[in-house]
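I opened my notebook to look this structure up piece by piece. Here is what I went through, entry by entry.

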Amino acid sequence: MGERRKSRNELGPPGRGLSLKKRLSLGALVALGASLVLPGAASAQGQGIGALTDELNITWVMVACVLVLLMQAGFLLLEIGFSRQKNVGAGVAKIFVNLSIATIAWWSVGFGISSLTGNDFFGTDGFFFHNNQEIGGGADAFIVGGADAALMLFGMLFCAVSLAIVWGTTLERIKFSAYVIYAVVFAALIYPLVAHAVYGGGLLADIAGKPVMDFAGSSVVHLTGAVGGLAALLLLGARSGKYGPDGKARAIPGHSMPLVGLGVLLLWVGWYGFNAGSTFGTTDNFFAQVALNTQLAASAGALVALGVIYLKTKSLDVGMAGNGAIAGLVGITAPSGYVEFWAAPIIGAVAGVVVVYGVLFIEKHLDDPVGALSAHGLAGIWGTISVGLFASPRLILDGAAPGVYYGITDGELAPSLGQLAVQAIGVIATFAFVFAASYAVFAAIKATIGLRVSEDEELAGLDISSHGMYGYPEAFIPQEEYPGSTVQPHVAGTPVVTNAASTPPAAPEKEVTA
Amino acid sequence: MKKIEAFIRHEAFEPIRSELLEKGFPSLSIGEVKGSGRQKGIVEHYRGSTLTVNVRPKLKIEVVVEDKDKSLVVETILKHARTGDVGDGKIFVIPVEEAIRIRTGEEGDAVLQAHSEAEIAA
């Protein structure tokens, strides 16, 4: 284990232990989990208050796992709502397949790559995660137990969230096989490498003595997903008809704003697990403070985005309000465990401004149907940077400097500016690595099996062309051809041509005779 | 006067509409229709079972023009609606006896005149 990594015994001042554990990492968690369980679990009768506390902590992690899993439903409905009716089924199949691939890939390979063991670039222990597995070496080695499963699962679901973000830019035209291939590489290598760099004691955990502070993953999870989406989009191109002959962008309205709204709210709820769960415990009830920060930023983001788009277009844009809430949530993800309550609405509000101008600008050049590049990418960058502006001295990581705000008020500006630079380096490094790796994978897919469906398939819709069925069959199949339909075409004097077996008794005739 | 009724693929509509507008024929109606022809139906797969849908969605355009303009409109439709594959659709030309503009009560070819620039702006 490298000297830059804290050992289990150096988790920080007493009383803040578990919330500090997060600061170690998703990878480090395993080590922490082991330390929680091993001493007490040996004897059921010997459980003291310490063991119960550990179990309470892990209980909160498991609740948070469920909330983070719920975010998949949020992504599903958000993407489907922003799609046209002919492409809704494809979104459903995609979520199931991607979530499942992320699960298997993370369990077998990804977790090991991300873990705290190994070198600056990747972890080397924890592949095919199993009970009684020995992870790490020397004094820091530990044996996998139940608590480790909870922490490993939490990291897995983060990986699945990051992967889900990738596809927002690719809706309505990408080949299904591209989902599958990229998902394997992303969940087994790309995301784990980024997670290792920041949370696993890798390169970004120590830049000239300062760590990149990203509490729950504005950069690690959200920027990573959005950059993967950018790489895909550049190779994929816009949806047919998005840009007119004059080159101007045209709206391709999604089919259901209620589904978009439900998706945003499910994500919003899920974010309580995402951010507040990243405390990895209930110590000092710190997780509630993180949740309040999250709530404040989301609300500020929604309000400000709605206000800005109203000033720009004089319309109270429904979709943009949703994008604003997501941007606020993404923005507060990195600072949620490092800032005071007053900073959260400021961070969310700036994210709300960023997302609107981002969408309006990107729309002119790139076809991003759900606004993922702005809501997850630009807001993710802002969130990571904002830690360098607002991080509170009482909450920061060991070795880090407080935000520039405190640098100014306390008269020690230089270290704060240094921390701000470290945050920026974190963003740039994440962007560069994820973009290069993702672009290579998508370029390889494009060169071999192709990235995009044919023009005919795109026009017909992915539901019928890729999946052989309609997401909303009754919108596409005439009632007359729908089995069990009560509407039977009948022209006087001609026999009704239909499948007799599936036709209900001729009710009208009875009425006539009655 | 002739009524031109064309059954076309959806994607052909936008170029036809903009070219007709450019050439001074802003007035037309469309309808979503479903029909069958030489193009095969669609087989829907649903959790292991199948359902054959024998009719496909098409777009019907209706334009009424003076006799002399008939060929121009037909050619415009042919130009944009033809892909060369089965399923491009058909055009029917039907004689029209009378035309009356409801707002003014005008009758005859005057009803078919293009609107002034101001009226069709945007």
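**Two helices side by side**

I started with helix 8 (residues 257-276) of chain A and helix 10 (residues 318-333) of chain A, in what is a predicted model. Their axes come within 10 Å and cross at roughly 10°. The axes here are lines fitted to C-alpha atoms, for helices over the stretch in contact, and angles run from 0 to 180 degrees between N-to-C directions. Angles under 35 degrees count as roughly parallel, over 145 as roughly antiparallel, 65 to 115 as roughly perpendicular and the rest as oblique. Helix 8 of chain A and helix 10 of chain A are therefore roughly parallel to each other.

Next I checked which residues meet. From helix 8 of chain A I noted, among them, Val260(A), Val264(A), Trp268(A) and Trp271(A); from helix 10 of chain A, the list includes Gly322(A), Ile326(A) and Leu329(A). The residues of this contact divide into twelve nonpolar, five polar and no charged. (Ala, Val, Leu, Ile, Met, Phe, Trp, Tyr, Cys and Pro count as nonpolar, Asp, Glu, Lys and Arg as charged, and the others, Gly among them, as polar.) I take contact to mean C-beta atoms, placed from the backbone, within 7 Å of each other.

Residues are numbered from 1 along each chain as its sequence is written, while chains are lettered from A and ligands numbered from 1 in the order in which they are written. The model is predicted, so I kept in mind that local features need pLDDT of at least 70, that side-chain atom pairs count only at pLDDT 80 or more, and that totals for chains, interfaces and linings use all residues. Helices (H or I, at least four residues) and strands (E, at least two) are DSSP runs, numbered from the N terminus.

**Chain A overall**

I found 18 helices and two strands in chain A. Buried residues make up 55% of its 514 residues. (Buried means 20 or more other C-beta atoms within 10 Å of a residue's own, exposed means 12 or fewer, and partly exposed is in between; C-beta atoms are placed from the backbone.) Of the contacts in chain A with a separation of 6 or more, 75% are between residues 24 or more positions apart.

**Cores**

Which residues touch the most other members of the largest nonpolar core? They are Ala102(A), Ala187(A), Met213(A), Ala305(A), Leu329(A) and Val355(A), out of 148 residues. Helix 5 (residues 146-166) of chain A gives the most to this core, with 16 residues. A second, separate core of 14 residues includes Ala6(B), Ile8(B), Ile61(B) and Val65(B). (A nonpolar core is a set of buried Ala, Val, Leu, Ile, Met, Phe, Trp, Tyr and Cys residues joined through C-beta atoms within 7 Å.)

I then followed Val355(A). Leaving aside neighbours within four places in sequence, Val355(A) is in contact with residues including Ala305(A), Asn323(A), Gly371(A) and Leu378(A).

**Single residues**

Gly74(A) sits in helix 3 (residues 49-81) of chain A. It is buried, with 22 other C-beta atoms within 10 Å. Beyond four places in sequence, Gly74(A) is in contact with Gly263(A), Leu266(A), Leu267(A) and Gly270(A).

Phe128(A), in the loop between helix 4 (88-114) and strand 1 (134-135) of chain A, has a positive phi near 45°. Is Phe128(A) buried or exposed? It is exposed, with 10 other C-beta atoms within 10 Å. Asn285(A), in the loop between helix 8 and helix 9 (286-313) of chain A, has a positive phi of about 55°, and Asn285(A) is exposed too, with 9 such atoms within 10 Å. Most residues other than glycine have a negative phi.

**Where the chains meet**

Ten residues of chain B are in contact with ten residues of chain A. Strand 3 (42-46) and strand 4 (49-53) of chain B each supply at least two residues of the side of chain B that touches chain A. Strand 3 of chain B gives the largest share, four residues. That side divides into five nonpolar, two polar and three charged.

**Confidence**

The complex has an ipTM of 0.77 and a pTM of 0.84 from the predictor. For chain B the mean is 88. In chain A, pLDDT stays under 50 over residues 30-44 and over residues 500-514. Where pLDDT is low, the predicted coordinates should not be read in detail.

Note on methods. pLDDT is the predictor's confidence in each residue, from 0 to 100. Two residues are in contact if their C-beta atoms, placed from the backbone, lie within 7 Å.
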